[in-house]
Amino acid sequence: MAATSFNPVDDHIRLGVLAEMIPTELPVTPGLDLAGTVVELGPGVDGPRVGDEVVAMVPLDVHGGAAEYAVVAAGLVTAAPRSVPLADAAALPLAGLAARQAAVELAGIEAGQTVLVNGAGGAVGGLVVQLAADAGATVTAVDGPQHAERLTGYGAARVVGPLDLDAGPAAVGGPFDVVVNHVRLATGDLAKLTAYVADGGIVVSSAGPVPADEGRSVRTAGVWVAPDAAHLADLVARVDDGRLRLHIADRRPLEDLPAVHQDASNGKLPGKTVIVIG
Ligand SMILES: NC(=O)c1ccc[n+]([C@@H]2O[C@H](COP(=O)([O-])OP(=O)(O)OC[C@H]3O[C@@H](n4cnc5c(N)ncnc54)[C@H](OP(=O)(O)O)[C@@H]3O)[C@@H](O)[C@H]2O)c1
């Protein structure tokens with residue numbers, strides 16, 4: 001293994017809050033993202049070769065990335081991007097697959113649409129902004145001002161500070177064809193996001209359910225990320241042709257993993273954190 005990366009769900013799994021949805025047998029070696037070099041193949045495996053540099057997301061109930069060696073089903077493995085260091089590629093699998101699921105599979109973002117991304121500066125949000133802008137949508141990115149320059153560089157037409165949910169969509173140029181939410185809000189605040197979607201539009205959330213509005217034909221969908229090697233290969237190709245940029249806020253050694261979890265619990269992680277192993 002060259003690296004894994006920290007995802008907020010690692011913390012949720014460790015705390016046991018997702019025990020019903022993600023059955024977990026202890027002890028667990030955390031880490032859902034893998035970036036490393038193939039050292040051995042199982043019997044009859046045809047596909048990756050020993051020596052290949054690869055990336056993968058393992059299923060949410062499998063784990064194992066935060067270790068010197070990891071075992072992964074060959075069908076989940078994809079050639080690593082060539083344009084970034086192998087360890088940095090650990091930032092891509094889970095966040096990229098969640099972003100792709102939100103923007104491409106669930107929202108089906110198209111050219112000419114207006115899209116609001118809430119939590120746009122984060123690991124998943126930053127990738128959604130780029131996928132949406134690349135599709136030809138006009139993107140309004142919502143996050144703190146420290147992310148503004150980077151989000152503009154990703155193609156966001158407009159970057160605004162945290163939403164004043166009582167001010168409503170007009171205050172930020174809405175309503176929008178698509179709203180993608182990555183901010184864990186209280187149930188009542190999540191419900192306020194429905195008003196940001198135009199009639200016939202869709203809200204997709206990775207951070208708690210947002211209600212639909214059948215009267216206005218506003219649909220809703222929740223992200224539940226899963227491994228998919230073909231989708232990951234598409235994301236790798238986008239990284240290599242410069243259409244998708246990875247933002248790594250910090251790189252920490254494996255020994256720091258307990259402190260990384262602690263920092264996440266205390267809201268102190270600066271963003272996507274790669275856990276460097278090799
Ligand atoms: N269901 C799934 O399959 C799935 C998959 C992946 C992720 N997720 C969830 O999706 C969420 C995002 O994940 P991530 O890895 O992208 O996390 P992240 O990197 O921590 O990103 C969260 C972003 O939201 C911003 N933010 C916080 N409060 C905000 C507010 N009130 N308004 C606007 N922006 C705000 C943060 O800004 P600061 O930097 O200023 O704090 C940060 O940039 C998490 O809740 C995670 O659990 C779910």
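1. The largest nonpolar core has 84 residues. Its members with the most contacts inside it are V117, V128, V129 and A132. A nonpolar core here is a set of buried Ala, Val, Leu, Ile, Met, Phe, Trp, Tyr and Cys residues joined through C-beta atoms within 7 Å. A residue is buried if 20 or more other C-beta atoms lie within 10 Å of its own, exposed if 12 or fewer, and partly exposed in between, with C-beta atoms placed from the backbone. Both domain 1 (3–92 + 246–276) and domain 2 (95–222) give residues to this core, so it lies between them. In soluble globular proteins, nonpolar side chains tend to be buried together.

2. A word on the model and its numbering. This is a predicted model, in which local features need pLDDT of at least 70, side-chain atom pairs count only at pLDDT 80 or more, and totals for chains, interfaces and linings use all residues. Residues are numbered from 1 along each chain as its sequence is written.

3. The chain is divided into domain 1 (3–92 + 246–276) and domain 2 (95–222); the bounds come from an automatic or database domain assignment. Seven residues from domain 1 and seven residues from domain 2 make the contact. Two residues are in contact if their C-beta atoms, placed from the backbone, lie within 7 Å. On domain 1, the side that touches domain 2 has three nonpolar, three polar and one charged residue. The C-alpha centres of the two domains lie 26 Å apart.

4. Now the ligand. It is surrounded by 26 residues, and the closest are P8, G119, G122, V124 and V225. A residue counts as near if its C-beta atom, placed from the backbone, lies within 6 Å of the molecule. Helix 1 (8–15), helix 2 (93–106) and helix 3 (123–134) are the elements that give two or more residues to this shell. Helices (H or I, at least four residues) and strands (E, at least two) are DSSP runs, numbered from the N terminus. Helix 3 gives the largest share, three residues.

5. What is the make-up of the shell around the ligand? The residues divide into 13 nonpolar, 10 polar and three charged. Ala, Val, Leu, Ile, Met, Phe, Trp, Tyr, Cys and Pro count as nonpolar, Asp, Glu, Lys and Arg as charged, and the others, Gly among them, as polar. Domain 1 and domain 2 both give residues to the shell, so the ligand lies between them.

6. Helix 3 is mostly covered, with 11 of its 12 residues buried. Among the buried ones are V124, V128, V129 and A132. The cover includes helix 2, strand 5 (114–118), strand 6 (138–142), helix 4 (148–153) and strand 8 (176–181). V128 touches A99, A102, A103, V117 and V180, leaving out residues up to four places away in sequence. The expected span is 1.5 Å times one less than the number of residues. Just after helix 3, G136 takes a positive phi of about 100 degrees.

7. Helix 6 (residues 229–240) has 12 residues and reaches 16 Å from its first C-alpha to its last, close to the 16 Å expected. Its buried residues are A229, L232, L235, V236, R238 and V239. They pack against strand 3 (53–57), strand 4 (78–79) and helix 2. G242 follows helix 6 and has a positive phi near 85 degrees.

8. V203 lies in strand 9 (residues 197–205). V203 counts as buried because it has 29 C-beta neighbours inside 10 Å. Its contacts include V179, N181, L193 and V218, not counting residues up to four places away in sequence. V203 and L106 are 97 residues apart in sequence, yet 9.2 Å apart in space, C-alpha to C-alpha.

9. Some backbone points deserve a look. Most residues other than glycine have a negative phi, and most peptide bonds are trans. The bond from L26 to P27 is cis, with omega near 0 degrees. So is the bond from G174 to P175, with omega near 5 degrees. H63 is not a glycine, but has a positive phi of about 65 degrees. H63 counts as buried, with 21 C-beta neighbours inside 10 Å. S217 also has a positive phi, near 55 degrees. S217 is partly exposed, with 13 other C-beta atoms within 10 Å.
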